[in-house]
Amino acid sequence: MTTNPRPSLRRIVKEATGQDISKCQACFDCDVSIENELDIPLGSLIQLVLQNDEEALHCQTLWSDAVMDASHNICKRGLNLHAVITVLREESNRRGG
Ligand code: SF4
């Protein structure tokens with residue numbers, strides 16, 4: 001019997017938002033400095049998603065509402081990080097938080 005592997009986080013983001021995060025160039029121009037709100041930079045969060053690393057679903061940065069608020073139009077490469085964060089939160093909840 002075969003089991004369907006879970007789609008990658010990158011694919012989940014792509015299907016839900018149309019955002020292809022492989023366009024992330026790890027430039028870290030989206031770096032936001034909000035005291036006590038981030039455990040990893042926002043750009044690192046995107047890199048974790050590209051690596052299909054579930055840490056992306058549990059890091060403090062993902063769940064920070066201050067980061068969420070700051071994520072509008074913050075990517076200099078045109079990625080909608082607000083939409084990406086929203087989908088990752090939903091996926092984390094789907095996987096049981
Ligand atoms: S600004 Fe955009 S392209 Fe640059 S690291 Fe952040 S998400 Fe990636």
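Predicted model: local features only at pLDDT ≥ 70, side-chain atom pairs only at ≥ 80, totals over all residues.
A nonpolar core is a set of buried Ala, Val, Leu, Ile, Met, Phe, Trp, Tyr and Cys residues joined through side-chain atoms within 4.5 Å, where buried stands for under 20% relative accessible area, exposed for over 50%, and partly exposed for values in between (1.4 Å probe, protein chains only). Residues are numbered from 1 along each chain as its sequence is written, and side-chain values use heavy atoms, with hydrogens and water left out.

The largest nonpolar core contains 26 residues, and those with the most contacts inside it are Val13, Leu42, Leu45, Val49, Leu81 and Leu88. At least two residues of this core come from each of helix H1 (9–17), helix H2 (42–50), helix H3 (55–58), helix H5 (65–70) and helix H6 (81–94); helices (H or I, at least four residues) are DSSP runs, numbered from the N terminus. Leu88 is in contact (heavy atoms within 4.5 Å) with Val13, Leu45, Val49, Leu57 and Leu62, when its neighbours within four places in sequence are left aside.

Helix H6 has 14 residues, which at 1.5 Å a residue should span 20 Å, and its end C-alpha atoms are 20 Å apart, in agreement with that value; the expected span is 1.5 Å times one less than the number of residues. The buried residues of H6 are Leu81, Val84, Ile85, Val87, Leu88, Arg89, Glu91 and Ser92, and they pack against H1, H2, H3, helix H4 (60–63) and H5. At the start of H6, a side-chain oxygen of Asn80 comes to within 3.2 Å of the backbone nitrogen of His82, whereas H6 is followed by Gly96, whose phi is positive and near 90 degrees.

In H1, the residues Leu9, Ile12 and Val13 are buried. Because these residues fall within an arc of 95 degrees when seen down the axis of H1, they line one face of the helix; the arc is that of the directions from the helix axis to the C-beta atoms. An α-helix has 3.6 residues a turn, so residues three or four places apart point the same way. The buried residues of H1 pack against H2, H3 and H6, and just after H1, Gly18 takes a positive phi of about 80 degrees.

Two buried residues in loops were also examined. Cys30 is found in the loop between H1 and H2 and counts as buried because its relative accessibility is 9%. Not counting residues up to four places away in sequence, Cys30 touches Leu42, Gly43, Ile74 and Leu81. Ser64, in the loop between H4 and H5, likewise counts as buried, at 3% relative accessibility. A polar atom of the Ser64 side chain lies 3.0 Å from the backbone nitrogen of Val67, and, with its neighbours within four places in sequence left aside, Ser64 is in contact with Glu37 and Arg89.

Side chains of opposite charge can pair when their charged atoms come close. The structure holds 8 salt bridges, a salt bridge being a side-chain nitrogen of Lys or Arg within 4 Å of a carboxyl oxygen of Asp or Glu. One of them joins Arg89 to Asp65, with the closest N and O atoms 3.2 Å apart; this pair links distant parts of the chain, since Arg89 is in helix H6 and Asp65 in helix H5, 24 residues apart. Arg89 is buried, with a relative accessible area of 14%. Another salt bridge is formed by Glu54 and Arg6, whose closest N and O atoms are 3.3 Å apart, and this pair also links distant parts of the chain, Glu54 being in the loop between H2 and H3 and Arg6 in the segment before H1, 48 residues apart. Glu54 is partly exposed, with a relative accessible area of 33%, whereas Arg6 is exposed, with 53%. The side chains of Glu91 and Arg95 meet in a salt bridge of 2.7 Å, N to O, and Glu91 counts as buried at 7% relative accessibility. Arg6, Glu54, Glu91, Arg94 and Arg95 are linked in a network of salt bridges.

Terms used: Polar contact = N/O pair within 3.5 Å; in protein donor to acceptor, adjacent residues only side chain to side chain.
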